Amino acid sequence: MAPAPPSSKDLEGFWGEPTSTLDWCEENYVVSYYIAEFWNTVSNLALILPPLITIASFTKYQQQIETRYYVACILMTIVGIGSWCFHMTLLFEMQMLDELPMIYAACVLIYCIFQTDGKESHSLALAVSLILCAVTVTLVYLTIQDPMFHEVCYGSLVLLIIGRCIYCIRTMEHSRYLCMYGMASIIGAFIIWNIDNICCTQLRSWRDSLPFPLSVLTQGHMWWHILIGMATHVHIIFSLHIRSSYLKYSPKIKHVASFPYLSLAGAGTEKTSLDGNENHYH
């Protein structure tokens, strides 16, 4: 994907000339001298905060939450911090801090969703395969430095996650709405991401014609962060719901506004669905 076309509104800022291979549709240093893309930066709170809140919610269930779910949350927070640094500076080193953890986090999420209904807690073969995948993508990407390569690799991993989620809701009576919620969020994120890239000139024109704060709503990459943050959080809850059900921890999905989280009754109890019916594995 080519960088966004230069904007006449771009300014010089604290971090100097961008060295990243990508520059997004938001005009540079318009809001703050210290932040290259202000809205693309602060919107990363949608990636940073939900995993931290989820980890905090795990404290009551330390003996029941497997380590991989902590790792998934920590990596998503690292992705958010890396993305914050990237959009704040537009430096190549910070771009790598954003994009490479995206691959690592996706690999951990794949491991989680493929290990939801296994009798064995861990799969060495799957873990080694995903580690080799992550290492290979890292080495190739650092060598060729082509963002299209990263986008194809990340997109392929996401498609694998979506495919497994569809398999789960077709073969197990589990939280279909959570799965659909997550998929709708990620599909919406990818649609907006492409619109932001393809229609950047038109979006900038609309942005100039709108008053603040309506003009902020045209920041497509900001919405990408918000939606992908929600999609990832919902997916972690979905994956953990399936795993907890298999282990008979009686998980229940609760909400704060539209923000879902999981409550576990305890090990060794029968799992019931939200409508009170037992869930059965086929």
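Predicted model: local features only at pLDDT ≥ 70, side-chain atom pairs only at ≥ 80, totals over all residues.

User: What makes up the chain in terms of helices and strands?

Analyst: The chain holds nine helices and two strands. Along the sequence the pattern reads α-α-α-α-α-α-α-α-α-β-β.

User: Why is serine 250 called buried?

Analyst: Its relative accessible area is 10%. Buried means under 20%. Serine 250 is therefore buried. The residue sits in the loop between H9 and strand E1 (251-256).

User: Why does glutamine 145 count as partly exposed?

Analyst: Glutamine 145 has 37% relative accessibility. Buried requires under 20%, and exposed requires over 50%. The value of 37% falls in between, so glutamine 145 is partly exposed. Its place is the loop between helix H5 (124-144) and helix H6 (147-171).

User: What is the phi of glutamine 145, and what is the phi of serine 250?

Analyst: Glutamine 145 has a positive phi of about 50° and is not a glycine. Serine 250 also has a positive phi of about 50°, again without being a glycine. Most residues other than glycine have a negative phi.

User: Which kind of peptide bond joins phenylalanine 212 and proline 213, cis or trans?

Analyst: The bond is cis, with omega about 10°. Most peptide bonds are trans. Proline 213 lies in the loop between helix H8 (200-209) and helix H9 (220-246).

User: How much of the chain is buried?

Analyst: Buried residues make up 52% of the 282 residues. The chain exposes about 13400 Å², and carbon and sulfur atoms supply 68% of that.

Note on methods: Residues numbered from 1 in each chain as written. Heavy atoms only, no water. Helix = DSSP H or I, 4+ residues; strand = E, 2+ residues; numbered from the N terminus. Buried < 20%, exposed > 50% of the residue type's maximum accessible area, 1.4 Å probe, protein only. Areas by Shrake-Rupley, 256 points an atom, 1.4 Å probe, with all protein chains shown as cover.
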